[in-house]
Amino acid sequence: MQAEENQFTVQKRRGIIVWVYSLKQLKNLKRFGLVHYVSRKMKYVVLYLNEETFDYSEEKIKKLHFVRKVERSYRPDVEMNFADRIGTRAAYQLVEEEEEDLTPDIRLAEDV
């Protein structure tokens, strides 16, 4: 009975890179999400924030006085299913723009 009550749910998260002037205020960043990595040499912090409160947290982090720049991860927005395109001609096709010939000179294994 108790195993049914304690269900684990996966939280949707998104990564964010926070460039800072000083790492003295690292504890302030810990309250926004999970600190994944800290680069003491280059002075940046990789955080994982919950997807539901991501926009709100990002704006709050940008307003902190010790933050230089904030970069968000676009990995959740990218289509990661490449199984139907790998090894086919569709993987090497480019969208033609304004009558330019953008055909790449790539030989596939099936043509060799």
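Met 80 is located in the segment after β4 (67-72), where helices (H or I, at least four residues) and strands (E, at least two) are DSSP runs numbered from the N terminus. The model is a predicted one, in which local features need pLDDT of at least 70, side-chain atom pairs count only at pLDDT 80 or more, and totals for chains, interfaces and linings use all residues. Residues are numbered from 1 along each chain as its sequence is written, and side-chain values use heavy atoms, with hydrogens and water left out. Met 80 counts as partly exposed because its relative accessibility is 44%; buried means under 20% relative accessible area, exposed over 50%, and partly exposed in between (1.4 Å probe, protein chains only).

**Surface**

- Tyr 74, Val 78 and Met 80 make a nonpolar surface patch of about 320 Å².
- Such patches consist of residues with over 30% relative accessible area and no salt bridge, like charges being joined within 9 Å and nonpolar side chains (Val, Leu, Ile, Met, Phe, Trp, Tyr) within 5 Å.
- The protein exposes about 9,600 Å², of which carbon and sulfur atoms supply 50%; accessible areas come from the Shrake-Rupley method with a 1.4 Å probe, and for residues only the protein chains shown count as cover.

**Overall architecture**

- The protein has 3 helices and 4 strands, and from the N terminus on these elements run α-β-α-β-β-α-β.
- Of the 112 residues in the protein, 22% are buried.
- Among contacts (heavy atoms within 4.5 Å) with a separation of 6 or more, 58% are between residues 24 or more positions apart.

- Tyr 37 stands opposite Val 46 in β3.
- The hairpin has 4 residues between its strands, and Lys 43 lies in this loop between β2 and β3.
- Lys 43 is a residue other than glycine, yet its phi is positive, near 60°.
- With a relative accessible area of 33%, Lys 43 is partly exposed.

**Salt bridges**

- The structure holds 5 salt bridges, each being a side-chain nitrogen of Lys or Arg within 4 Å of a carboxyl oxygen of Asp or Glu.
- Arg 14 and Asp 77 form one of them, with their closest N and O atoms 3.1 Å apart.
- This pair links distant parts of the chain, since Arg 14 belongs to strand β1 (residues 13-20) and Asp 77 to the segment after β4, 63 residues apart.
- Arg 14 is buried because its relative accessible area is 6%, whereas Asp 77 counts as exposed at 52% relative accessibility.
- Arg 72 and Asp 55 also meet through their side chains in a salt bridge (3.1 Å, N to O).
- Arg 72 lies in strand β4 and Asp 55 in helix α3, so this pair ties together parts that are 17 residues apart in sequence.
- Arg 72 is partly exposed, its relative accessible area being 26%.
- A further salt bridge joins the side chains of Lys 69 and Glu 71 (3.2 Å, N to O).
- Both partners are partly exposed: Lys 69 has 44% relative accessibility, and Glu 71 has a relative accessible area of 30%.

- Ser 57 is placed in helix α3 (residues 54-62) and counts as buried because its relative accessibility is 7%.
- A polar atom of the Ser 57 side chain lies 2.9 Å from the backbone oxygen of Thr 53.
- Not counting residues up to four places away in sequence, Ser 57 touches Phe 32 and Leu 49.
- Glu 58 is likewise placed in helix α3 and counts as buried, at 6% relative accessibility.
- The side chains of Glu 58 and Arg 72 are joined by a polar contact of 2.5 Å; a polar contact is a pair of N or O atoms within 3.5 Å, and within protein one must be able to donate a hydrogen and the other to accept it, while residues adjacent in sequence count only if both atoms are side-chain atoms.
- Leaving aside neighbours within four places in sequence, Glu 58 is in contact with Ile 16, Val 70 and Arg 72.

Note on methods: Two strands pair if DSSP finds at least two bridges between them.
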